[in-house]
Amino acid sequence: MSSGIGKTLLACFAFMALMVGLFVNNMFREPILTDAELREKGIVLLPQPRQVAPFSLTRDDGSAFTDADLAGPWTLVYFGFTSCPDICPVALSVLAEGRRRLLTEGGPDFRGALVSVDPERDTPARLREYVQHFDDTFIGVTGDLATLETLGAQVSVAFAKVPTEDGDYTIDHTGNLVIFNPRGDYLGLLRMPQSPGQIELAIKTLARRAAEG
């Protein structure tokens, strides 16, 4: 066999292998779920992305965090507080595990954030230490109560200060994870109870939808 014919055959085999690989990939690739199918899994998307009104809060490094800073990566935001005894740490642990799984699989990434609804106790420094315990890329945000309430109302999050018997207080709050798209628009939410698999599914689906138009 001449070297020219051999090279031609090798090129043909390589092309055939590529076509077979693409065919198998298309056959076994997970389908993109519909909004109704996602809703059954606790992933609720708005009919249209919604811009939030301009705001200015404080990031855990002391810098300003505004509505413009929501743009960039996909962002999952939890509204909670660092003194929360159970629900908040569980939610952030699940958020961190969901991100770890995505990165392990080579999947799309996202930014995790905790917006504190307890500005009286949650200083930027305290927030920074708290969120980085779960994932060193997570950010903490706080600010004045009126701004937090206005932002929360726009993304279906409510919270209220509740006195406790020992003279202290706690915060009752909505436990949803809020989804912001790369343009910084409010896109939807992940209902409780969240799971790493739910987070994986949400980010993969949204990233594929964006990539495929």
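This short talk walks through one predicted protein model, from the whole chain down to a few single residues.

Let me begin with the ground rules: this is a predicted model, in which local features need pLDDT of at least 70 and side-chain atom pairs count only at pLDDT 80 or more, while totals for chains, interfaces and linings use all residues. Residues are numbered from 1 along each chain as its sequence is written, and side-chain values use heavy atoms, with hydrogens and water left out.

Where pLDDT is low, the predicted coordinates should not be read in detail.

Turning to the overall picture, the protein chain holds six helices and 10 strands, which are DSSP runs numbered from the N terminus, helices being H or I with at least four residues and strands being E with at least two. Of its 213 residues, 43% count as buried, where buried means under 20% relative accessible area, exposed means over 50%, and partly exposed lies in between, with a 1.4 Å probe and protein chains only. Among contacts between residues at least 6 apart in sequence, 70% join residues at least 24 apart.

Next comes the sheet. Eight strands form an open sheet with mixed pairing, in the order S1-S10-S9-S4-S5-S6-S2-S3, and two strands are said to pair if DSSP finds at least two bridges between them. Its edge strands are S1 and strand S3 (64-66), each of which pairs on one side only. From one strand to the next, the twist averages 30°. Within this sheet, S4 and S9 pair in the antiparallel sense over four bridges, and the bridge partner of Tyr 78 in S9 is Leu 177.

Which strands does helix H6 lie across? H6 lies across S1, S4, S9 and S10, and runs at about 35° to S1; here axes are lines fitted to C-alpha atoms, for helices over the stretch in contact, and angles run from 0 to 180 degrees between N-to-C directions. The helix has 16 residues and reaches 22 Å from its first C-alpha to its last, close to the 22 Å expected at 1.5 Å a residue, the expected span being 1.5 Å times one less than the number of residues. Its buried residues, including Ile 199, Leu 201 and Ile 203, pack against several elements, among them helix H2 (35-40) and helix H3 (87-104). After H6 comes Gly 213, whose phi is positive, near 80°.

By comparison, H4 lies across strand S2 (56-59), S5 and strand S6 (139-142), running at about 150° to S6.

Asp 118 sits in the loop between strand S5 (111-116) and helix H4 (124-134), and Asp 118 counts as buried because its relative accessibility is 1%. Leaving aside residues up to four places away in sequence, Asp 118 touches Gly 80, Phe 81, Tyr 169 and Ile 171. Ser 156, in the loop between helix H5 (145-154) and strand S7 (159-163), has a positive phi of about 65° although it is not a glycine, and with a relative accessible area of 43% Ser 156 is partly exposed. Finally, Pro 193 lies in the loop between strand S10 (186-190) and helix H6 (196-211), and the peptide bond from Met 192 to Pro 193 is cis, with omega near -5°.

Key. Contact means heavy atoms within 4.5 Å.
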